Amino acid sequence: RIVYVNGSYLPEEDAKVSVFDRGFLFADGVYEVSTVLEGRLIDNEAHLVRLKRSLNELQMESPASPSEIVEIQNELIKRNGLNEGGLYLQITRGAADRDFAFPKNTTPTLVMFTQEKNLLNSPAAEKGISVISVEDIRWGRRDIKTVGLLAPVLAKQAAVVAGVDDAWLYEDGYVTEGSSNNAYIITKAGTIVTRNLGNEILHGITRRAVLELANEADMEVEERAFTLDEAADAAEAFVTSATTFVTPVISLDGKAIGDGKPGPLAKRLRQLYIEQALES
Ligand code: PMP
């Protein structure tokens, strides 16, 4: 695999970042994951807008303009012959002697790599996934897509140990989001409910696209916090993220949601999302 690091395309074993990189020492960096289908980036402009916002929130400069980033992304897709999968991009504040305050005159580190994955043909989406609830112990700015991901790492590991697929994070009894996706329920009355935007969740690019598709399909949508009890009592549930699209959730904490199978609205939204992505 060829990866990109600070201006060079290198075999992954030759790509190196400093021991003093602030991404490594402080998680002082941000990232994005864009989807690649049929060799093309999906909804990439929105990912780059969110990247810019994350950088601004951390008072960080991008080492490359959006058009330069797109050029590198496409070059990396080409060099790796990537047809389907994800493109990971990370920018950190760069390498400097260890000190908490921002260093002066440090060049940010830009790294990108591809991950080949079967996204369209997904057994998890076919079967639906099971989740457990895990307390959300993350910091107060989850809207910034930083590489500080220890809380979701622990949540996902708790899910693995529990023999399920993922974790839904909750705070004060309300679901915030999944470990690496946005969380939704569909009430018995047929309303799609997902957490409203704020500092408590990541503003998912797929979330925005799916809510738009739901509106166009005249589905009822409510953006508000919902409780774990409401989720347990829902007709359907699902999650969204760039590389998993819409994936049905069929059980929560060992209890089936609805009839314990992927629900019709979740399946329809997955189909609508994929159709739109392939047409774009
Ligand atoms: N929430 C969290 C915490 C995430 O890590 C992700 C995936 N990056 C998402 C939501 C989904 O965001 P997107 O649709 O932009 O992939």
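The following dialogue works through some terms used for this predicted model.

Student: Why is Leu 272 called buried?

Tutor: Leu 272 has 20 other C-beta atoms within 10 Å, and a residue is buried if 20 or more lie within that distance, so Leu 272 counts as buried. Leu 272 lies in helix H8, which covers residues 264–279. Of the 280 residues of the protein chain, 39% count as buried.

Student: What makes Leu 213 and Ala 217 contacts of Leu 272?

Tutor: Two residues are in contact if their C-beta atoms lie within 7 Å, and Leu 272 touches both Leu 213 and Ala 217, when residues up to four places away in sequence are not counted. Under that same exclusion, Tyr 273 touches Ala 209, Val 210, Leu 213, Phe 245 and Val 246.

Student: How do you know whether the protein chain is as compact as a globular protein of its length?

Tutor: The secondary structure of the protein chain comes to 8 helices and 15 strands. The radius of gyration of the protein chain is 19 Å, close to the 19 Å that the globule rule gives for 280 residues, so the chain is as compact as a globular protein of that length.

Key. Residues numbered from 1 in each chain as written. Predicted model: local features only at pLDDT ≥ 70, side-chain atom pairs only at ≥ 80, totals over all residues. Helix = DSSP H or I, 4+ residues; strand = E, 2+ residues; numbered from the N terminus. Buried ≥ 20, exposed ≤ 12 C-beta atoms within 10 Å, placed from the backbone. Rg over C-alpha atoms; globule rule 2.2 N^0.38 Å.
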